[in-house]
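Subject: Structure handover

Hello,

I am passing this structure on to you. Please open it alongside the notes below.

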Amino acid sequence: MNKNIKRIIAIALAIGTVSAFTPAAKVNLLTTKAYASDDDENDETSLDSLELKTSSGNTIKLYDSSDYDNRVDEDEVSDGDKLYAKTSSKTVQIDIDGPSTKYVKVFKGTSDSTKGKSITSDIDLSSGTTTLVIRVYNSKPDSDVKYEDDDDVASQYTLKIKYTGDSSTSDDEEDDADDYDDIYLDKLSINGESISLSKSKVTYTYNVASDVDEVPIKAVPEDEDYTVTIDGDEVDDGDKYKKTVDLEKGENEFEVEIEDDDDNDRVYTIKINRGSTSSNTSGNTANSTPNNASDVSTVKASQWVLVNGRWQYNDATGNPVKNNWFYDRNYNQNYFLQADGSMATGWLSNNGKWYYLGADGGMKTGWIIDGGKYYYLYADGSMASNTTVSGYKLGSDGAWVR
């Protein structure tokens, strides 16, 4: 057999061998690929980002220590981190990026018997500080995995969350100041009247008569380098940090935003109620206290009203203010509310005071806690400030100075 014939036979045999082998090779390859994508194996064993949120979806800032000085961005978390946060929201949520949630469990506390919860579950905070441990597993953990079962843990993150609310705060009512950075206004005035500022508040309410169709808002920042915006327009020292805003009848809402060079910001909400939305047959003006209980049936909006023996304040829409502070700026009305809500025979002047309305809308008296701080309300409901009550010193914002 000559060399050419041998070469042709050899090539033909080689082609046949490859043709016979290829299908089997493809089958093995597919089998191997299916095995590698086993649903129980986790390819991403650490978090790309970690966010803590309130029940209403607002972001709660994270810090690297309990001093709450150095903020940690959501995408800067690492295995073994211990992070700190504070919030007045009773319920929190955890949002992550990276591994599938089926490989992640969160533990409330570090007791061996603590059972892991789904990372998507809402978590109720305890009074004081709650410790949450987030674990990412190499493979899908059992539904009843406990804290002591740590053999398959790929990475772990600890959250120490301080609850700053109180039992009278509803689950969906948060201290919205938690959502902002530590920059503040130094002074705020509306229509030339100074508003008492508190670092735990970002929402303030002010009332004007029905014939007032515009008012100036003045917002002076703590630092002159801060950028100040009132109702969408930037103001500065040249404007005396002031802007005049137009008012419609009823409730008007404006935003005052301050921002520093590092893009830290704080947004204040100013609610200005213009006039009353209901007729007043008793001749009382907006913000006045009714002369007797019979006035309640006709005075419904922007008024103090007596309900079941307790005083409450109705806003411009006629709804009672609840779970919130109210600043009564009416300097000229003379009245005195006793602890039981009845009118006193003597009259005291109300020179612009803060009052706190509870969950039922009733005016509070005595000691209360709000945003983790203690305040004292006199028998007439007004907040004490710059004084000492029962040996406890109260600051200019009314809070107990510890």
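Here are notes on aromatic pairs, charges over rings and nonpolar cores.

This is a predicted model, in which local features need pLDDT of at least 70, side-chain atom pairs count only at pLDDT 80 or more, and totals for chains, interfaces and linings use all residues. Residues are numbered from 1 along each chain as its sequence is written, and side-chain values use heavy atoms, with hydrogens and water left out.

Aromatic pairs

Searching the whole structure gives 17 aromatic pairs. Rings of Phe, Tyr and Trp (its six-membered ring) pair if their centres lie within 6.5 Å; planes under 30 degrees apart are stacked, over 60 edge-to-face, and the rest tilted.

One of them joins Trp325 and Tyr356 edge-to-face, at 5.1 Å centre to centre and 75° between the planes. This pair links distant parts of the chain: Trp325 is in strand β23 (residues 324-328), Tyr356 in strand β24 (residues 353-357), and they are 31 residues apart. Strands are DSSP runs of E, at least two residues, numbered from the N terminus. Trp325 is buried at 6% relative accessible area. Tyr356 is buried too, at 9%. Buried means under 20% relative accessible area, exposed over 50%, partly exposed in between (1.4 Å probe, protein chains only).

Tyr374 and Trp400 also pair edge-to-face, with 5.8 Å between centres and 70° between planes. Tyr374 lies in strand β26 (residues 373-377) and Trp400 in the segment after β28 (392-394), so this pair ties together parts 26 residues apart in sequence. Tyr374 is partly exposed, at 34%. Trp400 is partly exposed as well, at 28%.

Ring pairs also build a cluster of Tyr204, Tyr268, Trp325, Tyr327, Trp354, Tyr356 and Tyr375.

Charges over rings

The charged end of Lys90 sits over the Tyr163 ring, 4.5 Å from its centre. Arg135 has its charged end over the ring of Phe107, 5.3 Å from the centre. The criterion: NZ of Lys or CZ of Arg within 6 Å of the ring centre and within 35 degrees of the ring normal.

Nonpolar cores

A nonpolar core is a set of buried Ala, Val, Leu, Ile, Met, Phe, Trp, Tyr and Cys residues joined through side-chain atoms within 4.5 Å. The largest has 36 residues, of which Val256 and Ile272 touch the most other members. Strand β15 (residues 214-221) gives the most to this core, with 4 residues. At least three residues come from each of domain 2 (185-274) and domain 3 (303-394). Those bounds come from an automatic or database domain assignment.

Another core, of 24 residues, lies apart from this one, and includes Leu83, Val92, Ile123 and Leu125.

Best wishes
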